[in-house]
Amino acid sequence: MEDSKKYILQEKDIPTAWYNIIPSMPNKPRPYLHPGTKQPLKAEDLYPIFSQEASRQELNVTDSWIEIPEEVREMYKIWRPTPLVRARGLEKALDTPAHIYFKNESVSPVGSHKLNSAIPQAYYCKKEGVTNVTTETGAGQWGAALSLAARKFGLELAVYMVKVSYNQKPYRRSIMQTYGAEVIASPSMSTRAGRKIITDHPNYQGSLGTAISEAVELATSTPNCKYALGSVLNHVALHQTVIGLEAEKQMEMAGEYPDIVIGCFGGGSNFSGISFPFLRHKLDGEYDTRFIAAEPASCPKLTRGVFQYDFGDEAGYTPLIPMLTLGHEFTPANIHAGGLRYHGAGAVVSQLMEDKLIEATDIPQLESFESAIMFAKAEGIIPAPESAHAIATAIREAKKAKEAGEQKVILFNLSGHGLIDMSAYDRYLSGDLVNYEVTDADVAESTKNLERII
């Protein structure tokens, strides 16, 4: 394994403010719509679901910088700043002239970037006198992060975990329970939305859209309870920009600037976190960096979805969001990258895609695991199946650079480690995993009932 160069910041370098990209966008995202009135949403319309501060941040289109509370920064110091690593081992394995860097978010206490947003969301709930929170989780990384954050602030937490991941990833469930959270396999019989889905589809293995429906229903029907979300929405992407803001300083230390920035893509949290701070320089005309969102071929909302207003959940409890979507009734394949099995993209990323300021690619499941194993052998880190999609894309780009004889600088976000995903690696190594295809007919069927507002 080749020695790889690390670039380490100090505690004083942790950002003091999150970056809000919306004021800099040439075309602002269309407004969220109230699901009942179809009128543009106001922050107070979100108060029954989210903390008031998260609601205000969600609809903030004027402030480019939003201060990080000191209490949150103090908790960030437990693991931040995270290292930036020059992946010399991977470069050597690929025999590429490209310089490959990765931001290592796997060093957090829960092994992923998700804690960057879990802490402020729990903090705001606590400050506002909330006692209970609820959420959904796919692969379990977000659920684990919020479980720890809720424990730190003395909040009770109920997590609806997508049933297929609940069974595939028992140790993530155990992590949440160790921190004191209640974990329910979704769909469940504990909510009206869950009971309907089970009645209509008794063997349904769940989706993030279903789990969101159940969590939102619990939050809105339980006194002093709020919902917290781990991806998709603007305030989540906002919190995650600590990743890219740190990476900017670290790339300066390395004496380079990325030609390509890559993140895996489910709802957009880690892709936005690594990309948006660099994207602001493209919007200013300083650099012409490419930004690539790497999604699974089995859930290709960015590459094959339709741009339309859609619900963020399956039951239709959430506001209508302008998004690239496969339809909230889309049933994703049971891939092991459970955190990427979401039907839609956030409003900001969707608008950036429409404006061709970012791009997307889809990665088959087998290619993602092949790339993950190459990375593990070269760099010594076993990545999460989600992060493996970013690695696969970085490898594709490094190979293109070799073919063209170009010394590209590639930066990707290692959003989490895969040490609790070894059952997935076992299945890949034994030849049990397969690729899943989504046909044009599948997309047409899952989007046919969308109301054509755009």
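Is Cys 225 buried or exposed? At 5% relative accessibility, Cys 225 counts as buried (under 20% relative accessible area, where exposed is over 50% and partly exposed is in between, using a 1.4 Å probe and protein chains only).

This is a predicted model, so local features need a pLDDT of at least 70 and side-chain atom pairs count only at pLDDT 80 or more, while totals for chains, interfaces and linings use all residues. Residues are numbered from 1 along each chain as its sequence is written, and side-chain values use heavy atoms, with hydrogens and water left out.

**View 1. The whole protein, before we zoom in.** You'll find 19 helices and 15 strands here (DSSP runs numbered from the N terminus: H or I of at least four residues for helices, E of at least two for strands). The radius of gyration is 20 Å, close to the 22 Å from the globule rule for 454 residues, so the protein is as compact as a globular protein of that length. That radius is taken over C-alpha atoms, and the rule is 2.2 Å times the number of residues to the power 0.38. Of the 454 residues, 65% count as buried.

View 2. A disulfide is a covalent bond between the sulfur atoms of two cysteines. Searching the whole structure turns up 0 disulfides (pairs of cysteine sulfur atoms within 2.5 Å). For Cys 225, the closest cysteine sulfur is in Cys 125, 8.6 Å away, and that is too far for a bond. Cys 299 is in no disulfide either, as its nearest cysteine sulfur, in Cys 264, is 13 Å away. Cys 299 is buried, with a relative accessible area of 1%.

**View 3. Two cis peptide bonds.** One joins Arg 80 and Pro 81, with omega at about 0°. Look for Pro 81 in the loop between α3 (70-76) and β4 (84-86). Another cis peptide bond joins Ser 186 and Pro 187, and here omega is about 10°. Pro 187 sits in the loop between β8 (182-186) and α9 (192-200).

**View 4. Two lysines with positive phi.** Lys 38 isn't a glycine, yet its phi is positive, about 65°. Lys 356 isn't a glycine either, and its phi is about 60°. This lysine, Lys 356, is in the loop between α15 (347-354) and β14 (359-363). With 70% relative accessibility, Lys 356 counts as exposed.
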